[in-house]
Amino acid sequence: MNADLLSTLTRRVLFAPLHGRGRADLVAERLRTAIALGVLAENEQLPSETELAAQFNVSPVTLREALTQLRQLGLVTTCRGRSWGTVVSAPLPGQRRVAIEQARMLSSLDLRDLADWRRAIGTESARLAARRASSQDILLLDRGSGNLAAADDEVEARRSDSRFFIELAAASQSVRLSSNSISLQVEYSPVLTLVYADAAVRSAVSVVLGGVTHAVKAADAEGAGTLAAKAVDLVAARAAQLRANGWDS
Amino acid sequence: MPQTPDPDSIRHLLTGAARQILALTQPVFEQLTQLETTVGSFDVDEWARSPRSLAAWPHVESSVAHALESVDLMIGAGFAVASASTGGARQSAIAWWIRRDGIVQVKQHVLNPSSDSYYDFTQSRWFRLPMTAGQPVLMAPYVDSWGTDDVTMTASQAVRADGEVVAVVAADLDVRFYVDKVEHILASAFATALLDSEDRVIASNAPDIESGTRMAAAEQRDIMIRVPIESLGWSVVALGDRPGAAD
């Protein structure tokens with residue numbers, strides 16, 4: 001029987017086969033992103049080298065080269081012996097550094113485009129969630145906005161934000177909005193990580209997200225949509241400011 | 001203009017529909033009961049400590065494969081457990097198989113809470129209700145983020161050893177297939193719908209009533225007659241136009 005290891009959409013987005021001849025640094029880049037975004041978490045075990053190579057559609061030799069790069073950066077360690085395998089060991093400060101690198105590659109047009117996409121998905125998810133959410137969905141949304149308020153650092157905050165918006169899409173019961181939401185969160189991750197370094201921003205957004213949950217609960221589609229857009233715009237405005245200052249505030 | 005049937009006839013038709021709807025998932029719960037006995041009294045703590053071990057038990061895998069191959073409506077099945085280990089931290093484990101393109105395969109979930117794709121099934125009703133209250137559950141359609149990432153319906157029940165609930169056995173159902181069948185059962189001259197325990201529409205024969213809509217948010221329609229499906233907490237209802245609703 002085939003093991004379906006990398007089965008979630010997030011992983012499919014990151015681990016789609018590389019086109020053309022895969023090079024070790026391309027693979028290393030993909031894995032670095034996955035680790036920086038928390039898709040692969042600290043102490044999480046990667047699939048075996050053979051399986052990863054097959055997933056990326058590269059030769060095992062190329063894959064091994066990529067893992068060597070990551071090992072040298074201190075992002076993974078490989079244990080041989082009883083618990084054989086490669087394990088993620090990403091330190092949090094390293095994640096911020098990678099986020100800055102990735103954010104610097106975004107032009108102002110890219111930022112605008114990402115915010116537009118986020119606003120479109122978020123607004124429609126919120127409006128539909130107001131019509132369709134179950135009590136379980138509302139519980140998860142409540143918890144999500146609470147987690148954002150309680151987050152101690154930018155990585156926790158980014159994670160809470162991502163889970164809120166993905167849960168909002170799930171509450172809309174739309175499969176396409178949900179999968180879009182996941183891809184979007186992965187792409188927007190560096191921006192969210194840097195924006196949420198500021199506790200005041202975390203607090204402001206969590207209040208708005210609490211409002212979204214309240215509106216969803218009350219079946220107020222227009223209110224939910226408006227507040228979701230507001231949350232997106234708060235983050236986008238802060239991102240534009242940060243970008244003007246080179247992202248390293 | 002067709003005559004509106006009288007309330008008694010409507011109630012009679014709804015009761016018949018309710019019975020047929022219940023029959024759709026009967027084979028699923030029968031399979032779950034069989035799977036329960038297959039697993040028997042395995043060491044749940046040991047399984048929670050070493051999650052891969054259950055998936056490696058050959059007789060468990062072949063029993064699950066058999067269940068998935070026997071009932072078209074079932075597209076995934078497996079076992080889940082959450083135990084309080086002596087260290088204090090809760091350990092959870094899930095062994096799951098899916099049937100895709102006629103082939104049964106193991107499905108891995110992400111169980112590391114720090115991961116973005118962390119699958120926290122311990123909070124889901126399909127796990128919680130059987131685990132804490134020993135009750136079987138049939139969940140209305142929901143998007144299973146981090147699980148199947150698709151719209152899903154889950155049937156689940158408790159696995160007992162020595163009279164105690166030790167784990168949960170569950171199955172994911174093909175929602176599109178199920179909704180199609182229910183729409184067929186609901187076909188009639190008047191607007192009807194199958195509602196879940198929160199009065200959200202699972203399926204309806206009225207084109208203007210979308211699946212997933214909460215009745216509270218359905219501006220144009222009201223529930224006229226309700227026939228409960230007790231064992232599921234669901235109802236089959238006849239709908240009328242809300243007074244003052246636009247044509």
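A polar contact is a pair of N or O atoms within 3.5 Å; within protein, one must be able to donate a hydrogen and the other to accept it, and residues adjacent in sequence count only if both atoms are side-chain atoms. This is a predicted model: local features need pLDDT of at least 70, side-chain atom pairs count only at pLDDT 80 or more, and totals for chains, interfaces and linings use all residues. Residues are numbered from 1 along each chain as its sequence is written, and side-chain values use heavy atoms, without hydrogens and water.

- A:Asp153 caps the N-terminal end of α8(A). One of its side-chain oxygens lies 2.9 Å from the backbone nitrogen of A:Val155.
- Helix α8 covers residues 154-171 of chain A; helices are DSSP runs (H or I, at least four residues) and strands are E runs of at least two, numbered from the N terminus.
- Its 18 residues should span 26 Å at 1.5 Å a residue, where the expected span is 1.5 Å times one less than the number of residues.
- The end C-alpha atoms are 25 Å apart, which agrees.
- In α8(A), 16 of 18 residues are buried (under 20% relative accessible area, 1.4 Å probe, protein chains only).
- A:Gln173 follows α8(A), with a positive phi near 65°.

**A:Val27**
- A:Val27 sits in helix α2 (residues 24-36) of chain A.
- A:Val27 is buried because its relative accessible area is 0%.
- Its C-alpha atom is 23 Å from that of A:Ser179, 152 residues apart along the chain.

**Confidence**
- Mean pLDDT (the predictor's confidence in each residue, from 0 to 100) is 85 for chain A, and 86% of its residues reach 70 or more.

How values were computed
Chains lettered and ligands numbered in written order. Buried < 20%, exposed > 50% of the residue type's maximum accessible area, 1.4 Å probe, protein only.
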